Amino acid sequence: MSKIPSPCIDVCKFKRDGHCIGCSMTKAQKSAFKALKTGAQREAFVELVVAQQAVLGRYAHWEKAYEKKCRKKKVSLKILDARKAA
């Protein structure tokens, strides 16, 4: 299985109290993701980002862009599959 990609969707504008308007991550979170080595760690981090987006709001665009990125890398994530089923 391919490596789980970063939740970053290449918008990278930190205008919402230090959170990116594209993915909701802060600069520190982006750096922290790069240090994660296992798929389980990376998947847990994506779950954290999804929860953070739910709290912050206005990130409906992210899921579609991130799904496209995951399809391109041939990665399937439980969190995205579960959201589709709900």
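Modeller: Here it is, and please keep in mind that this is a predicted model.

Biologist: Which residues form the positive surface patch?

Modeller: Lys and Arg are the residues that count as positive. With that in mind, the positive surface patch is formed by K64, K68, R71, K72 and K73.

Biologist: Is K73 buried, partly exposed or exposed?

Modeller: K73 lies in the loop between α3 (60–72) and α4 (78–85). Buried means under 20% relative accessible area and exposed means over 50%, so K73, at 42% relative accessibility, counts as partly exposed.

Biologist: How many disulfides does the structure hold?

Modeller: A disulfide needs a pair of cysteine sulfur atoms within 2.5 Å, and the structure holds none. C12, for example, is in no disulfide, as the nearest cysteine sulfur, that of C8, is 3.7 Å away. The sulfur of C70 is 12 Å from the closest cysteine sulfur, in C8, which is too far for a bond. The number of disulfides is therefore zero.

Biologist: Of C12 and C70, which is buried?

Modeller: C12 has a relative accessible area of 41%, and is therefore partly exposed. The cysteine with a relative accessible area of 2%, which makes it buried, is C70.

Biologist: Where is A40 placed, and is A40 buried or exposed?

Modeller: The place of A40 is in helix α2, which covers residues 39–56. Because its relative accessibility is 60%, A40 counts as exposed.

Key
Residues are numbered from 1 along each chain as its sequence is written. This is a predicted model: local features need pLDDT of at least 70, side-chain atom pairs count only at pLDDT 80 or more; totals for chains, interfaces and linings use all residues. Side-chain values use heavy atoms; hydrogens and water are left out. Patches are made of residues with over 30% relative accessible area and no salt bridge: like charges are joined within 9 Å, nonpolar side chains (Val, Leu, Ile, Met, Phe, Trp, Tyr) within 5 Å. Accessible areas come from the Shrake-Rupley method with a 1.4 Å probe; for residues, only the protein chains shown count as cover. A salt bridge is a side-chain nitrogen of Lys or Arg within 4 Å of a carboxyl oxygen of Asp or Glu. The place of a charge is taken as NZ of Lys, CZ of Arg, CG of Asp or CD of Glu. Helices (H or I, at least four residues) and strands (E, at least two) are DSSP runs, numbered from the N terminus. Buried means under 20% relative accessible area, exposed over 50%, partly exposed in between (1.4 Å probe, protein chains only).
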